[in-house]
Amino acid sequence: MTNFVKQQFLVIYAALLVMSALIFSGAAHADANNDLPKVRFVTSEGAFELLLRPDVAPKTVENFLSYVDDGFYDETIFHRVIAGFMIQGGGFTADMGRKPTKAPIVNEGSQTLPNLRGTIAMARTNNPDSATSQFFINVVDNDFLNAGVRGAGYAVFGKVTEGMGVVDKIASVQTGRKQGMGDVPVSPITIKSVTRVSAED
């Protein structure tokens, strides 16, 4: 075999190895995504789905899914909506009644999961470890909410994979003040249900 032929053979062989690695990596990534929990929100404005990340924020996802499994979010509202920022829900009923929650959880804010458009994160008070049931969905990249930028940050634990248009629609509704709270949608945006999505769905 001449040197030229050997070189050609090695180039082809190397290319095949790279292609195989890429295919395997893509398949592994797809399998990993299939193993991650998914939830479906049905709202008065439409439906959307999220992929959750217990591999990065295990306690946060466990807490969120415990509320989902209890039906806690059913008939709650998006009570704080700010166009060009985020939509927040998971704590109030349509009459602005605050729902009782479980104990707060530790903040799992991580630079691995930044507050990018379409991600879901836990809402909290000034105390980093005060999140309970409330969450928000970023409608733009909100870098200033990331861990390490201004302290502990806000813990991202998933992202919207279907129906981001519904989230954008909610973010664009008219808001005002209600019972001392600002940025409340004038017409209630109801979360009808939040359920797990099975692999068969």
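Trainee: Over which ring does the charged end of Arg 124 sit?
Mentor: This is a predicted model: local features need pLDDT of at least 70, side-chain atom pairs count only at pLDDT 80 or more, and totals for chains, interfaces and linings use all residues. Residues are numbered from 1 along each chain as its sequence is written, and side-chain values use heavy atoms, with hydrogens and water left out. A charge sits over a ring if NZ of Lys or CZ of Arg is within 6 Å of the ring centre and within 35 degrees of the ring normal. Arg 124 has its charged end 4.0 Å from the centre of the ring of Tyr 154.

Trainee: How many aromatic pairs are found in the whole structure?
Mentor: Rings of Phe, Tyr and Trp (its six-membered ring) pair if their centres lie within 6.5 Å. Searching the whole structure gives 12.

Trainee: Is the pair of Phe 64 and Tyr 73 stacked, tilted or edge-to-face?
Mentor: Planes under 30 degrees apart count as stacked, over 60 as edge-to-face, and the rest as tilted. Phe 64 and Tyr 73 are 5.4 Å centre to centre. Their planes are 35° apart, and the pair is tilted.

Trainee: What kind of pair do Tyr 73 and Phe 135 form?
Mentor: The ring centres of Tyr 73 and Phe 135 are 5.4 Å apart. Their planes meet at 85°, so the pair is edge-to-face.

Trainee: How many residues apart are Tyr 73 and Phe 135?
Mentor: Helices (H or I, at least four residues) and strands (E, at least two) are DSSP runs, numbered from the N terminus. Tyr 73 is in the loop between helix 2 and strand 3, and Phe 135 is in strand 6. The pair links distant parts of the chain, with a separation in residues of 62.

Trainee: Is Phe 135 buried or exposed?
Mentor: Buried means under 20% relative accessible area, exposed over 50%, and partly exposed in between (1.4 Å probe, protein chains only). Phe 135 has a relative accessible area of 0%, so Phe 135 is buried.

Trainee: Which residues of helix 3 are buried?
Mentor: Helix 3 covers residues 164–171. Its buried residues are Met 164, Val 166, Val 167, Ile 170 and Ala 171.

Trainee: Within what arc do those buried residues of helix 3 fall?
Mentor: The arc is that of the directions from the helix axis to the C-beta atoms. The buried residues line one face of helix 3, because they fall within an arc of 155°.
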